[in-house]
Amino acid sequence: MDVDAIREDFPILKKRVHGKKLVYLDNAATTQKPKQVIEAIKEFYSDYNANVQRGVYEISEKATELYEGGRESVAKFINATSSKEIIFVRNATEAINLVANAWAKKNIGKDDEIIISIMEHHSNFVPWQQLAIENNAKIKVVGVDPEGHFKFDEYESLLSDKTKLVAITHVSNVLGTITPVKEIVKKAHEKGAMTLVDGAQSVPHIPVDVQQIGCDFLAFSGHKMLAPTGIGILYGKKEILEKMDPFLKGGDMIKEVHLDSTRWNELPWKFEAGTPNIEGGITMKVAIDYLNRIGMPNIREHEKKLTKYALDAFANTKGIDVYGPRNVEEKGGVVSFNVQQIHPHDLASILDEEGIAIRSGHHCAQPLMENLGLVAASRASFYLYNKEEEIDILINSLKKARKVFRLE
Ligand SMILES: Cc1ncc(COP(=O)(O)O)c(C=O)c1O
């Protein structure tokens, strides 16, 4: 992988912050965009901006064709059996809410159980917590071991005939833990439960094949994989989506409307009410073409190398606590840590002065933070354009911060 050549495609990486070169290590929050994506957005608005699915005129037909091309491209990227299984939404959060409202509300009732893990992002926690409150169902939570691995034995012991849904993250946005989703799904299906995988931190970084995993639903966001904000994806098995009623109702999601009745549109449009994020759908293909050109297995290898480099560097630096698995085979490109006696928010401000962008806080995973006994943590997260020398800059700045706080 020629990282220097890749970096040339990302205009923002040339930016200077407080007079220093930008070191962008907050890719789990959102990724930067290559010029190919930026150009494609510009081209849409300059050359063929029109609404989709309705106009019988050239630029609308072109917009529709490219928007649907984006859907085809997403379907191939995750190996869905058909583009009918790809619903465009705003983000992973909306995808999960769609399932909560359009499937779970009707199918999960009193004393039924939903299994999640303690690692869930609030997006894959709050919708289930609230649904359980509304429908008198129960939430069961699978814990992690001291290194942050998913406790599979505990999961097996929680599964029962009452389990109606297992909703689990594929990669933790805090610990980086990769969960054994294929085995999780298999066990859930043996009990007749439905499965949802939160792929927000996996689809952009590791090859993901929904047929191999076997999950019923997969949720992820375009903005975490080089595409713009405002475009997300819900994958669902066709036979399940077909049985579900729509979540949002209005224009585009209908076949016919009469004064006293409405017939829903076919998949996937049944779930896409109103004018969608057209440039988002179109540029999903551009982003995916970019990732495929580099190769997802190469991206994964590159992130493993960076993660190992970072873990070794942290281990050789005084006064740093690191959370999550140490073996990069079991971990995505996410390293959460604390510098002892420095609050992560103070640390993030000091690093900002050095041009380094990392995340600090609870990472929208408060139940996990409580479980770890932490109020906040810092997080460095990597992508295809990051380099080892950026990790060196981070480590040197951490050492500097320790000096500022007179810890060295
Ligand atoms: C694991 C995980 N799930 C879900 C989300 C929600 O993504 P979005 O804010 O794009 O809806 C995130 C965002 O950071 C995440 O890390």
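Ala, Val, Leu, Ile, Met, Phe, Trp, Tyr, Cys and Pro count here as nonpolar, Asp, Glu, Lys and Arg as charged, and the others, Gly among them, as polar. With that in hand, the shell around the ligand in this predicted model splits into three nonpolar, nine polar and one charged residue. There are 13 residues around the ligand, and those that come nearest are N91, T93, N173, A200 and S221.

Stepping back to the whole chain, it's divided into domain 1, made of 3-26 + 295-404, and domain 2, which covers 48-292. The centres of the two domains, taken over C-alpha atoms, sit 28 Å apart. Where they touch, domain 1 puts in 25 residues and domain 2 puts in 23. On the domain 1 side, at least two residues come from each of α11 (296-315), β14, α13 (366-372) and β17. The top contributor to that side is α11, with five residues. Sorted by class, the side of domain 1 that touches domain 2 holds twelve nonpolar, seven polar and six charged residues.

Strand β14 spans residues 334-339, and six of its six residues are buried. The cover is on both faces: V334, S336 and N338 are buried on one side, and V335, F337 and V339 are buried on the other. As for its neighbours, β14 is joined by four bridges to strand β13 (residues 320-323), and the two run antiparallel. In that pairing, I320 has V339 of β14 as its bridge partner. Another four bridges link β14 to strand β17 (residues 377-381), again in an antiparallel arrangement. Here V335 is partnered with A380 in β17.

That leaves the inside of the model. In soluble globular proteins, nonpolar side chains tend to be buried together. The largest nonpolar core in this model has 112 residues, and the ones touching the most other members are V99, A219, I233, L234 and A287. Helix α4 (residues 92-107) gives the most to this core, supplying nine residues. Domain 1 and domain 2 both give residues to the core, so it lies between them. For a view from one of its members, take I233: leaving out residues up to four places away in sequence, I233 touches V74, I86, I87, F88, V89, A95 and F220.

Notes
Residues are numbered from 1 along each chain as its sequence is written. This is a predicted model: local features need pLDDT of at least 70, side-chain atom pairs count only at pLDDT 80 or more; totals for chains, interfaces and linings use all residues. A residue is buried if 20 or more other C-beta atoms lie within 10 Å of its own, exposed if 12 or fewer, and partly exposed in between; C-beta atoms are placed from the backbone. Two strands pair if DSSP finds at least two bridges between them. Domain bounds come from an automatic or database domain assignment. Two residues are in contact if their C-beta atoms, placed from the backbone, lie within 7 Å. A residue is near a molecule or strand if its C-beta atom, placed from the backbone, lies within 6 Å of it. A nonpolar core is a set of buried Ala, Val, Leu, Ile, Met, Phe, Trp, Tyr and Cys residues joined through C-beta atoms within 7 Å.
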